[in-house]
Amino acid sequence: MPPIRILIINPNSTSSMTHALKPLIDSLEYANTQYTYYTAPSGPPSVNNTADIHASTAACLADLGTSDPHGAPVLRSEHAAYDGYLVACYSRHGLVTALRAMTTAPVVGIFEASVAAALQLLDLEYERQQFGIVSTGAAWEVLLGDAVGLLLGTLGSGEGAYGRCAGVETTGLDATELHSAEQGEVKRRVQEAVGRLMEKGTVKVVLLGCAGMAGMEGWVREVVGERVRVVDGVKAGVGALQGLIRGKF
């Protein structure tokens, strides 16, 4: 059986963030899998708001995509041979939808994958059990809240934007600052955000709402203990892709 080929896409232009994903993904030890890593050739160094989502989507599509003779969007030949694609930006990112129009291979975003994982980990017989998200800048409190509502079909339904989601708390740091800032300060901010999140409801699953939070599960665990699950979106995304590809879905 030939190896499974997965393209890991970092849609911002900071290559160090792409490199930081490699040990995390390698630690999953999925057999017979080859990962290729891609960093946006231009665009924002960190995706911090809606404008950055649009700009990073455009930068990636200009490099990854082209048009067929009929004008339909397709992947360039050098990017079309993968069995699956992971968009490693924790957002309702436009690149996920755009790539799905360009390939029949599975395309997964880490935001959607982490929410799907959370729903599998909650006991849905108990109405009060919820998941929550810890992310970077304050803009994500609304952006991710709305994204959850759209994903779960609760936005505008009378349940509010969240439903099963207790809410979103943020650190005030952008994705690049998670690694460039003094790490004691980063840890303090992450743990304070987790503490605020745990006060919002009966939170049983905490989602790390940024690809740049890779490796920070231990900090979260110091706050929430062992009875609360911690989900890294990149791990969830790779796991989802593995299941979709191996299951031939």
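**Close-up views of a predicted model**

View 1. Ser91 is buried, with a relative accessible area of 1%, where buried means under 20% relative accessible area, exposed over 50% and partly exposed in between (1.4 Å probe, protein chains only). This is a predicted model, in which local features need pLDDT of at least 70 and side-chain atom pairs count only at pLDDT 80 or more, while totals for chains, interfaces and linings use all residues. Residues are numbered from 1 along each chain as its sequence is written, and side-chain values use heavy atoms, with hydrogens and water left out. Ser91 has its place in the loop between β5 and α3 (94–100); helices (H or I, at least four residues) and strands (E, at least two) are DSSP runs, numbered from the N terminus. Not counting residues up to four places away in sequence, Ser91 touches Ile53, Phe111, Glu112, Trp140 and Leu144, contact being heavy atoms within 4.5 Å.

**View 2. The open sheet.** Four strands form an open sheet in the order β2-β1-β5-β6, with parallel pairing, and two strands pair if DSSP finds at least two bridges between them. Because β2 (33–39) and β6 (107–109) stand at the edges, each with a single partner strand, one side of each is left without a neighbour in the sheet. From one strand to the next, the twist averages 20°. Strand β1 (residues 4–10) pairs with strand β5 (residues 84–87) in the parallel sense over four bridges, and Leu7 stands opposite Tyr85 in β5.

**View 3. Helices α4 and α9.** The axes of helix α4 (residues 110–121) and helix α9 (residues 233–246) come within 8 Å and cross at roughly 85°; axes are lines fitted to C-alpha atoms, for helices over the stretch in contact, and angles run from 0 to 180 degrees between N-to-C directions. That makes α4 roughly perpendicular to α9, given that angles under 35 degrees count as roughly parallel, over 145 as roughly antiparallel, 65 to 115 as roughly perpendicular and the rest as oblique. In this contact, Ile110, Ala113, Ser114 and Ala117 of α4 meet Gly233, Val234, Ala236, Gly237 and Ala240 of α9.

**View 4. Helices α7 and α8.** Helix α7 (residues 183–198) and helix α8 (residues 217–224) have axes that come within 9 Å and cross at roughly 45°, and α7 and α8 are therefore oblique to each other. The residues that make the contact include Val186, Val190 and Val194 of α7 and Trp219, Val220 and Val223 of α8.
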